[in-house]
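This report goes through a structure for a reader who has not seen it before. The sequence and the model come first, and the description follows.

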Amino acid sequence: MSATGSGPRRLSRRIISRLASGMRSRFASLPLGIAMLDPEAPRRIMLVDCDMFFVQVARLMDPEGVGRERLLLVGGSPTGRGVVTSASYEARAFGVRSGMPTTQALRLCPDAVVVPVPRGACASKSRAINDTLKRLAPVVQAASIDEFYLDLSGTERLFGEELVQTARRIREAVLAETRVSVSVGGGSSRSVAKLAVRRAKPAGVHVVAPGEEETFVRTHRLGELPGIGPAFAVVLARRGLVEVEDALRIERAWLRAWLGEVRGDWLYDRIRSVDGGTVSERDARKSVSTERTFGHDLHDDRTVERELLRICVSASAALREGGYRARTITVKLRDGDFCTRQAGHTLPDAVETDHAIYAVALPLLRELRSRRRTGVRLMGVALTGLVEREAPTQLGLFAGDDALESARDRALARVIDDLRDRFGRAAVLPGRVLEP
DNA sequence: TCTGGGGTCCTAGGACCC
DNA sequence: TCTGGGGTCCTAGGACCC
């Protein structure tokens, strides 16, 4: 839950006109004017959310096969330890939900067909939808692979239509251009739009009229609000707060005393649909991670360490692909009994090569393993403390025999990335780094 | 019944510094 | 002779989201 921002920023007239001229060239096909940048214009936010996105993409990929399956589960894994990422509406009628273990889903719906997540196709569909939306709205923010926030403040006057009509137009355009069915929620803030899109599903539109926000939010239970998960809902229920209605009766000071300043303020504002969140281009990434759940728990140290190397290779490739270096390397273990532990280390200088990351990760893994020696169900490596790769480094000061990575190591890593790009992932396999 | 993989944000204690 | 206090970084854990 983010409590950042404090409403629309005020922009000086000069900045507004500069932005507006930039916008006109970028959105040449739109009749955009200065009105939509007016910080005084009431916020009109839309959330475009794909209907069972992974199921739709899997069907589009294979129209004759998977495309004809009504009872379809996307997710699971060849190891048999997966969960359902997305289920068709027909399968949901049997009680299947996303996040449910695939084995459990198949007990509820034995005739369902399970297919893996078509990751690459999902990513490119997501980009296509984003491109379409950028032509239809001035500000588009991809909140996840299948959700997009649009800021349409001021466009009602501009387009000469109500937000509901704009929403329908956008829904039809996305369907026509990408063949993906979406639902659209609208309102005065991100959080209202997010609640509204659920009422719109499937394949519909729901716009909360200006002034109706509080009445609309009041029809929900607290646990239905985005940002209130099972744990928070239990805390609230202990205070007798179950419906939004219940919490509306409590003064801010009491919510702060019960829940802490940050969460108390957040809840007080959210149920009144006060939401400082703005729609803007996505911020820089904060972390890159790779993790893997094994088909069977791993016990042998050499096997575990070999898997760590593979995970480091994959995480560092993703790091370099994003154009980053990382200062903090964290190893995560989930034991056979689902106990999850992690250990991390922060370096004085950011690194980017497989070798350096593995050299930091290996002692962390050994430390975790020595604390608790049980089978390893899952292992992961997270890279944080990211810096842009082009940022100047202190390498010169430290380059020596004990430096974790040299300019030569980095150059080599990029050559290998390039080979993998051209000849496939298996073109270059790690070998020598195995014995540090 | 057995629990994925990719993220973001918050908390809280201890170290360290001024 | 007793105990400062505030800011920032690091680390581990957890809640939450899709």
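Of the 25 residues around DNA strand B, those that come nearest are Val262, Lys286, Ser287, Thr293 and Phe338; a residue is near a strand if its C-beta atom, placed from the backbone, lies within 6 Å of it. Two or more residues of this surface come from each of α4 (102-108) and β9 (287-298). β9 gives the most, with 7 residues. By class, the surface near DNA strand B has 8 nonpolar, 12 polar and 5 charged residues. Here Ala, Val, Leu, Ile, Met, Phe, Trp, Tyr, Cys and Pro count as nonpolar, Asp, Glu, Lys and Arg as charged, and the others, Gly among them, as polar.

The model is predicted: local features need pLDDT of at least 70, side-chain atom pairs count only at pLDDT 80 or more, and totals for chains, interfaces and linings use all residues. Residues are numbered from 1 along each chain as its sequence is written, while chains are lettered from A and ligands numbered from 1 in the order in which they are written.

Helices (H or I, at least four residues) and strands (E, at least two) are DSSP runs, numbered from the N terminus. Two strands pair if DSSP finds at least two bridges between them. β9 also belongs to an open sheet of 4 strands, ordered β9-β12-β10-β11 with antiparallel pairing. Its edge strands, β9 and β11 (340-351), each pair on one side only. Another open sheet has 5 strands in the order β5-β6-β1-β7-β8, and its pairing is mixed. There the edge strands are β5 (139-144) and β8 (205-207).

| Strand pair | Bridges | Facing residues |
|---|---|---|
| β10 (residues 324-335) and β11, antiparallel | 8 bridges | Ile329 and His345 |

Two helices lie across strands of the sheet that holds β9. α14 lies across β9, β10 and β12 (376-388), at about 155 degrees to β9. α15 lies across β10, β11 and β12, at about 150 degrees to β11. Axes are lines fitted to C-alpha atoms, for helices over the stretch in contact, and angles run from 0 to 180 degrees between N-to-C directions.

The axes of α14 (residues 301-321) and α15 (residues 354-371) come within 9 Å and cross at roughly 140 degrees. The two helices are therefore oblique to each other; angles under 35 degrees count as roughly parallel, over 145 as roughly antiparallel, 65 to 115 as roughly perpendicular and the rest as oblique.

Methods
Contact = placed C-beta atoms within 7 Å.
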